[in-house]
Amino acid sequence: MSTRPTIRDVAAAAGVSVATVSKAVNSRYGVAPATVDHVMRIVRELGYESSLIASSMRSRRTGVIGVLVADFEPFSAEILKGVSAGLREHPFELLAYSGSGHAESEGWERRSLSRLSGTLIDGVILVTPTVVNITADVPIVAIDPHTGPADLPTVESDSFGGARAAVGFLTELGHTRIGFIAGRPDLRSSIAREAGYRSALADAGIAVDSSLIGVGRYAQDTAREAATALLSRPDRPTAIFAANDLSAIAIIEVANLLGLEVPRDLSVVGFDDIPEASQLTPALTTVRQQMQSLGAVAAGLLMSLMADEHPAAQHLRLPTKLIARGTTGPPPRSD
């Protein structure tokens, strides 16, 4: 069974002392440049890694940026791609950390940061946090922040404008009974998307029917329950706007189980434009938010904060765009 190479393995292969390897790896004085180059070549060949925690305790720097996500799902995966791209020109590595089964409990980020900050990471990006504010020993940027005023620097999408465009598109198609599956009520994005839904209905002169609003919490299982309740009604909606694409996909699955054809019997619009949206049959009409750009912009903002710079804006909002595809059409004709 293979074992991880040790500093003694590097010293033996390089023909130098353990002390010389330690100095070379940690950029300490007293080793000739040619010897450093030789040692580092052996380090790369053997795949040796010095103790990150021990190194950080000496230098107070780890060279690692942490990204904390509630779970690894399509939205967070696209965010991670963007953060990785945003760090490409910077000397930092990326550590992705998931709250996993604990992410539903409020404040899981605090517990995670207490383990990571100061010893494993130099800065952190929080994705859809469960708390308004959080403190740590390192700079923090929040993506898709918690509702309410926050002191944390934030990056988010124009959820209100995107939702307003989505529901406005449905009213232009002739729909008047439009349901809404909301997201997590503790996130600004979810509140803004419901506000956009209500605003578009008001623009079309349609009264809001609160019984057509369900809560999906951005989760497919919860969205299925809400969709089943809406679509089992005798006066079911002819269209549903979902606060994210995973919920929209769940709505389509429920519609199929109930014998409803999309878009003939039901139009569905999502929000995000995750890769799966264009792969559905029919492809999902959705609001595109620039998920990878959210990650890249957050990474850039974090780099500025870590350099003790003072960005002109610490609360950034990116535009959204309606992408019309195959899951929307005019309402079914009543016979």
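What percentage of the 335 residues in the chain do buried residues make up? Buried residues make up 47% of them, where buried means under 20% relative accessible area, exposed means over 50%, and partly exposed lies in between (1.4 Å probe, protein chains only). This is a predicted model, in which local features need pLDDT of at least 70 and side-chain atom pairs count only at pLDDT 80 or more, while totals for chains, interfaces and linings use all residues. Residues are numbered from 1 along each chain as its sequence is written, and side-chain values use heavy atoms, with hydrogens and water left out.

**The chain as a whole**

- The secondary structure comes to 11 helices and 12 strands, taken as DSSP runs numbered from the N terminus (helices are H or I with at least four residues, strands are E with at least two).
- Along the principal axes, the C-alpha atoms of the chain fill a box of roughly 90 × 45 × 30 Å.
- Among contacts between residues at least 6 apart in sequence, 69% join residues at least 24 apart, a contact being heavy atoms within 4.5 Å.

**The open sheet and its helices**

- An open sheet of 6 strands has the order 2-1-3-4-5-11 with parallel pairing, and two strands pair if DSSP finds at least two bridges between them.
- Strand 2 (93-98) and strand 11 (315-318) stand at the edges, each with a single partner strand, so one side of each is left without a neighbour in the sheet.
- Neighbouring strands of this sheet are turned by 20° against each other on average, direction ignored; axes here are lines fitted to C-alpha atoms, for helices over the stretch in contact, and angles run from 0 to 180 degrees between N-to-C directions.
- Strand 1 (residues 64-69) pairs with strand 2 in the parallel sense over 6 bridges, and Gly66 stands opposite Leu95 in strand 2.
- Helix 5 (residues 74-86) packs on the sheet, where it touches strand 1, strand 2, strand 3 (123-127) and strand 4 (140-143), and its direction makes about 165° with that of strand 2.
- Helix 11 (residues 291-306) also packs on the sheet, touching strand 1, strand 3, strand 4, strand 5 (154-157) and strand 11, and its direction makes about 165° with that of strand 4.

- In helix 6 (residues 108-116), Trp108, Glu109, Ser112, Leu113 and Leu116 are buried.
- These residues cover an arc of only 125° around the axis, which puts them on the same side of helix 6; the arc is that of the directions from the helix axis to the C-beta atoms.
- Ser114 and Arg115, on the other side of helix 6, are exposed, whereas the cover over the buried residues includes strand 1, strand 2, strand 3 and strand 4.

**Aromatic rings**

- The count comes to 2 aromatic pairs, where rings of Phe, Tyr and Trp (its six-membered ring) pair if their centres lie within 6.5 Å, and planes under 30 degrees apart count as stacked, over 60 as edge-to-face and the rest as tilted.
- Phe180 and Tyr197 form a stacked pair, 5.0 Å centre to centre with 20° between the planes; Phe180 lies in strand 6 (residues 178-182) and Tyr197 in helix 8 (residues 188-203), so the pair ties together parts that are 17 residues apart in sequence.
- Phe180 and Phe241 form a stacked pair as well, 5.4 Å centre to centre with 20° between the planes; Phe241 lies in strand 8 (residues 239-242), so this pair ties together parts that are 61 residues apart in sequence.
- Ring pairs thus link Phe180, Tyr197 and Phe241 into a cluster, and Phe180 and Tyr197 are both buried, while Phe241 is buried with a relative accessible area of 0%.
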